[in-house]
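Thanks for coming, everyone. Let me put the structure up, and then we'll walk through some charged side chains.

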Amino acid sequence: MLKRKVADDIKKWLHTKDKKCLIVQGARQTGKTYIIERLAEENYEEYLEINFKQMPSAIDIFTGDLTVENMIMAMRFRFPEKKILPGKTMIFLDEIQECQEAITSLKFWAIDNKFDVIASGSLLGIDYKRASSYPVGYVDYLRMYGLDFEEFLWAMGISEDMIENLCSYLHSKTVIPDAVNAQMMNYYRQYIAIGGMPEVVQKYADTKDFREVDRIQRSLLQGYQYDIAHYATAEEKVKAEKCYLSLVKQLLDKENHKFQYKEVEHGGRAQKYFSSVEWLLRADMVHLSRLVTDVRFDLDDYARDDFFRAYTTDLSLLMAMKDFSLKQHIVENTLAGNSKGGIFECAIADALYKKGYPLYFYKNETSKKEIDVIIQKDGKVLPIEVKSGNTRASSLKSLMKNHKDISCGYKFIDGNIGVSEDCIITLPLYMIAFI
């Protein structure tokens, strides 16, 4: 069983008194069902799982009056082997997007407060079927992602003590021993090539076979394409798939990583494709980094919705859009040109997305100064430059000089730790997982 950080968050919910229902959101195949099943087995005398994709006839349980008494009675008739006792049974409603009345029912489970109910599903944001009433105020939300780099290290057998020791170099801003740093960069390159989808990581942990990894990545990508074909409206199906599959070209094959509609098709324009990008965003298939016209808090005030970069929600999917040789070049550290800088930028964006940060970037067309990634934390702006080598961060240095309110910036490199006089902190690329 892969160790996941989200398990601790679900456990906190389990031990909360007067809890609401819990909706675990996230892209498909990120391990939502698996982790909930394991925690239910460990913490309850019994659990009842209804998967609405696997058992569509179970929708009938929610077709009558949505009182808890009626729903429990219907469940007992449907699952006579289950006692379904208050305080002893967890009810898990999986793929809940397929039964919108089940979503509506969460309000009444929460008001009754006799049963612990967890719901999970992907594509919850696309309004595939509209619930008669959404349970606003009666549910807690938890977003789940693929594995981050730290969780990948756990899967590779790296202990928490070893990671804590590694982080001590980060906190003290001292140089990491070369042997340790080189080994960590090797792990990080493996992680970039593999991505964080649980099935992919588990297969690599078991076999160390990149051909098997590649096979599963491509299967997952086909599953995402199936979801587009199945859930997108008729007018969006083809356009959304074209936008999605263009991401690898947008991010790795050109120097400017701004999402350009002309890369989707020759002569493509926002008027035709913008709604398709929005659909992919709501379906948890992409996340965006938006251009800001100024680098001051609050960045949202300066963000442009029409000028953005789009990333896959996990590196596993991006890898599946290229041929096998990309993984080989990443692991062997033989990438060159736009692909090398592009893949590291994607890895940094992926790490920050999985930490829950909204992402921004800055580009001044006059001065040509550009900051790859910007986040904000505790009311402060944190600019980040990503370098495939250890070249000078001239844009970041210029930004720091002209914005005295920005106390520090980060430069992530294929190198070691360092701190400059202008408050630019240089870190190895993998340290993004620990800041």
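Before that, the ground rules. This is a predicted model, where local features need pLDDT of at least 70, side-chain atom pairs count only at pLDDT 80 or more, and totals for chains, interfaces and linings use all residues. Residues are numbered from 1 along each chain as its sequence is written, and side-chain values use heavy atoms, with hydrogens and water left out.

Side chains of opposite charge can pair when their charged atoms come close. The rule here: a salt bridge is a side-chain nitrogen of Lys or Arg within 4 Å of a carboxyl oxygen of Asp or Glu. How many salt bridges does this rule give? The count is 27.

Start with Lys19. Its partner in a salt bridge is Asp116, and the closest N and O atoms are 3.4 Å apart. This pair links distant parts of the chain. Lys19 sits in the loop between helix 1 and strand 1, while Asp116 is in strand 4 (residues 116–120), 97 residues apart. A word on those elements: helices (H or I, at least four residues) and strands (E, at least two) are DSSP runs, numbered from the N terminus.

Are these two buried or exposed? Buried means under 20% relative accessible area, exposed means over 50%, and partly exposed is in between, with a 1.4 Å probe and protein chains only. Lys19 has 12% relative accessibility, so Lys19 counts as buried. Asp116 is buried too, at 16%.

Now look at Lys17. Lys17 is also in the loop between helix 1 (6–14) and strand 1 (21–25). Lys17 counts as exposed because its relative accessibility is 74%. From Lys17 to Glu46 is 29 residues in sequence and 19 Å in space, C-alpha to C-alpha.

Next, helix 2. Glu41 and Arg38 form a salt bridge there, at 3.0 Å from N to O. They are three residues apart in helix 2 (residues 32–43), so about one helical turn separates them. Glu41 counts as partly exposed, at 44%. Arg38 counts as buried, at 18%.

Last stop, helix 15 (residues 338–354). Lys354 and Asp350 both lie in this helix, four residues apart, about one turn. Their side chains meet in a salt bridge, 3.2 Å from N to O. Both Lys354 and Asp350 are buried. Elsewhere, salt bridges that share partners join Lys5, Asp148 and Glu150 into one network.

That's the tour. Over to you.
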